[in-house]
Amino acid sequence: MAGSGGLGGGAGGSQGAGGGPGAALRAPRAPLLFAALVLGAYCLCALPGRCPSAGRIPAPAPAPAEPPLAARSPGTSGLPVASGSGRRRFPQALIVGVKKGGTRALLEFLRLHPDVRALGSEPHFFDRCYERGLAWYRSLMPRTLDGQITMEKTPSYFVTREAPRRIHGMSPATKLIVVVRNPVTRAISDYAQMLSKTPGLPSFGTLAFRRGLGPVDTAWSAVRIGLYAQHLDNWLRYFPLSRFLFVSGERLVSDPAGELGHVQDFLGLKRVVTDKHFYFNATKGFPCLKKAQGSGRPRCLGKSKGRPHPRVPEAMVQRLRAFYRPFNRKFYQMTGQDFGWD
């Protein structure tokens, strides 16, 4: 829908500038070609990605051995890393969503914990690479010792219909973490990321609405991801609500230590990551990690985190808020949590 609107606008403008029948036929070619190239690039970006090759997801290099938790002297300020010994296990916990919700931040914060070993890259096993088999999947995982937790995060799992069944087949005891964010803000952030990769995309409004400010276009992935209640309904066919932890993306920014406390409790971990590990970077508008003992400088997330959002007219924002409101309320009822988006 959005693509046809963009093409129609380009052709109409060219015909008005022409000087005769021949010019009217020739003039639209350049804008039509440009629009086709832009939309083609957008479609390529929007298509489900390919399964990454094993070479692109190397298992973490063995880390220096550290004394077990009980053997560490009290008051030690540095956070030790896990030993390179141990064995590769299937993840006991997964961060399954949502895109542009704060999943990368949560994973990086959790990796401060000495009893968490996590795969840094997104393996996309349960959505793109399932045919490679569980043995291949386990081979990607870092080695862990008894008492440590193996984790990975792939936010597209939450919106993949087959993912709950496949994860349940691996282990029905898997703990599932979902980072959620105001779906309107999330959609705009998603568009900002698309725009950074494909400059010249149609406007946010052209993609989010049909026929100007007509019906919201739920076929667009940036809109569809925010229908959290619908996606969760699919997951609850396989997992009870007790297997889930829903993390507020907003509170992960405003109170990272508080949200990390809930996550560590959910995972059965001692609360090691606390407010002493964070400081707020006013320039990025995000919390960053204070430098660890022996480290040269504090660590913030990459340049893609905290990128400025394009300006979206208030009328469109209000239309989207009204559209999402009933879905949000159903999600609050399903989870027993009010995230305060309305």
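R166 is located in helix α6, which spans residues 163-170; helices are DSSP runs of H or I with at least four residues, strands are runs of E with at least two, and both are numbered from the N terminus. The model is predicted, so local features need pLDDT of at least 70 and side-chain atom pairs count only at pLDDT 80 or more, while totals for chains, interfaces and linings use all residues. Residues are numbered from 1 along each chain as its sequence is written, and side-chain values use heavy atoms, with hydrogens and water left out.

An open sheet of 5 strands shows the order β3-β5-β2-β6-β7 with parallel pairing, where pairing requires at least two DSSP bridges between two strands. Its edge strands, β3 (116-118) and β7, each pair on one side only. Strands β6 and β7 run parallel and are joined by 5 bridges; V179 stands opposite V247 in β7.

Helix α12 (residues 256-266) lies across β6 and β7, running at about 170° to β7; axes are lines fitted to C-alpha atoms, for helices over the stretch in contact, and angles run from 0 to 180 degrees between N-to-C directions. Helix α12 is largely enclosed by the rest of the structure, because 8 of its 11 residues are buried. Among them are P256, L260 and F266. Just after α12, G268 adopts a positive phi of about 75°.

Methods
Buried means under 20% relative accessible area, exposed over 50%, partly exposed in between (1.4 Å probe, protein chains only). Contact means heavy atoms within 4.5 Å.
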